[in-house]
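Hi everyone, thanks for making time this morning. Let's have the chain up on the screen, and I'll walk you through a few parts of it.

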Amino acid sequence: AENMLWGGRFTQGLDPLMVQYNESLPYDRIMWKQDIAGSIAFARANMKNGILTQHEFAEIERGFAQISEEWRTDTFEPKPNDEDIHTANERRLGEIIGKEIGGKLHTGRSRNEQVATDMRLWLRDELRVLDSQLCDLIKVSVARAEKEIDYLMPGYTHLQKAQPVRWAHWMLSHATAFASELQRLREVIARVNRSPLGCGALAGNPFNIDREAMAKELGFDGLLYNSMNTVGDRDFAMETMQWGSSFMLKISRWAEDLIIYSSLEFGFVRLSDAYSTGSSLMPQKKNADSLELLRGKSGRAFGQMAGLMMTIKGLPTTYNKDLQESIEPLLDHIKTVSDSILIATGVLSTLTANPEKMAAALAPEMLATEFADYLVRKGVPFREGHHISGRVVQLAESTNVPMDTLTLEQLQGIDARFGEDVQACLDYERAVELKDAIGGTSKRAVMEQTGVLKKLL
Ligand code: ARG
């Protein structure tokens, strides 16, 4: 127990399985850079305090420069007692610059503030990458929407043919949902990027350390203001995974639409080979595995979020070792979300849209609302117009003909207010262009939406 960080009051070593059970270095080593940056900022502040001399600080900086190099070149050699990244770096520092000076680094500091600092720094940088990846996904959606603005397809409610819309409008419906997630992400980043450094184990720092200066050096946007809450707070991880779950829910619905649209029965889109797989048994198969994994991985993301919330919910105030369990799910969560955004962007930028198939799926019944709107424009109350149009649909159904083949006489048999000009109602393009109010599916309204999205990017 002598050579453990906390060896003083112990006489016996750890049970070997307990060593493994306790250690986080195998995964928290990913934060080596943040851990070192935090240590240097802390040492610099302790130099300004007079805890460290300039020479001692220079030695600490020199030691960490070498340790950084070792991590960077993958030559850092962990020792059996390196419980976590904080322990490992401090142990190595003592070896390089000597225990006399190395032993002063941790003055007034706790691993409780260190781990929260490292995680927030790491997460902040990862979330900024996600921000730019998400922007790319939205950009691809917008670019396709502009290029393929003329394709019309059935719009669905309840997965039943509802009204004709632009394919671009469908793409932007999802891009708009992604944009909400982008805004949420930016709000999360602002709360993640606050500094715990100087909070100590729970009670604060006894050497009047300059917390503002450390926060500034590390690029934090501000401080966390209660030391007890700060060391026991994993909101930044929880909120990130709540955000990630929400995003994965959106991408899952997007994927589900495309799984349907890429089926042979629909054929609106064809996935590129790069994002499809075959069947080991059925030679004709081309499966949308990329999309199914996007849908499937959302379950994993929700599970990680729920798991952490369960871990935290009954903990007494401040730090408890349970909190170490926030790291692994968070790392995997970030990777899952990031990979998912990249895959979705790849799928969307390489798929082939088939406007002929989309057009062929349009059905005259989807224009029934146009008949009602036609009557409204002649002064008929909408409820009555809806009823009359319903009878038109019913006549087509009962005589087993498509609605667009009914004669004017037949229509006038239902209601005398139908005139020659009702023919115009059978034009899909016209139906789409009439939806010209803000947010609608007319060409102008769709282009307006691309403008709104571009402002966010
Ligand atoms: N590896 C630990 C964690 O991830 C660091 C904090 C340990 N602090 C302590 N008092 N045991 O939570």
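The cover over the buried residues of helix H19 includes H7, strand S2 (160–166) and helix H8 (167–192). Cover here is counted by contact, with C-beta atoms, placed from the backbone, within 7 Å of each other. Before I go on, please keep in mind that this is a predicted model: local features need pLDDT of at least 70, side-chain atom pairs count only at pLDDT 80 or more, and totals for chains, interfaces and linings use all residues. Residue numbers start from 1 along each chain, as its sequence is written.

So, which residues of H19 are buried? They are Val 446, Gln 449 and Leu 453. They fall within an arc of 55 degrees seen down the axis of H19, so they line one face of the helix. That arc is the one made by the directions from the helix axis to the C-beta atoms. In general, an α-helix has 3.6 residues a turn, so residues three or four places apart point the same way. Turned away from the buried side, H19 shows the exposed residues Arg 444, Gly 451, Lys 454 and Lys 455. For the cut-offs, buried is 20 or more other C-beta atoms within 10 Å of a residue's own, exposed is 12 or fewer, and partly exposed is in between, with C-beta atoms placed from the backbone. H19 runs over residues 443–456, and its 14 residues reach 21 Å from first C-alpha to last, close to the 20 Å expected at 1.5 Å a residue. That expected span is 1.5 Å times one less than the number of residues in the helix.

Now let me step back to the whole chain. There are 19 helices and 4 strands, and these are DSSP runs numbered from the N terminus, helices being H or I with at least four residues and strands E with at least two. The radius of gyration is 31 Å, whereas a compact globule of 457 residues would have one near 23 Å. That radius is taken over C-alpha atoms, and the globule rule is 2.2 Å times the number of residues to the power 0.38. Along the principal axes, the C-alpha atoms fill a box of roughly 100 × 55 × 40 Å. Of the 457 residues, 38% are buried. Among contacts with a separation of 6 or more, 75% join residues 24 or more positions apart.

On to helix H16, residues 382–398. Just after H16, Asn 400 has a positive phi of about 60 degrees.

Helix H13, residues 327–350, is my next stop. Its 24 residues should span 34 Å at 1.5 Å a residue, and the end C-alpha atoms are 35 Å apart, which agrees. The buried residues of H13 include Ile 327, Leu 330, His 333, Ile 334 and Val 337. They pack against helix H2 (25–28), H7, helix H11 (235–261) and helix H12 (289–313).

Ile 327 also turns up around the ligand, together with Ser 24, Asp 84, Arg 111, Asn 112, Val 115, Tyr 319, Lys 321, Leu 323 and Gln 324. To be in that shell, a residue needs its C-beta atom, placed from the backbone, within 6 Å of the molecule. What share comes from helix H7 (residues 111–147)? H7 gives 3 residues, the largest share of the shell. By type, the shell divides into 4 nonpolar, 3 polar and 3 charged residues. Nonpolar covers Ala, Val, Leu, Ile, Met, Phe, Trp, Tyr, Cys and Pro, charged covers Asp, Glu, Lys and Arg, and the others, Gly among them, are polar.

Let me finish with some loops. Thr 318, between H12 and H13, has a positive phi of about 70 degrees although it is not a glycine. Thr 318 counts as partly exposed, with 18 C-beta neighbours inside 10 Å. Asn 208 lies between H8 and helix H9 (211–217), and its phi is near 50 degrees. Asn 208 counts as exposed, with 11 C-beta neighbours inside 10 Å.

Notes. Contact = placed C-beta atoms within 7 Å.
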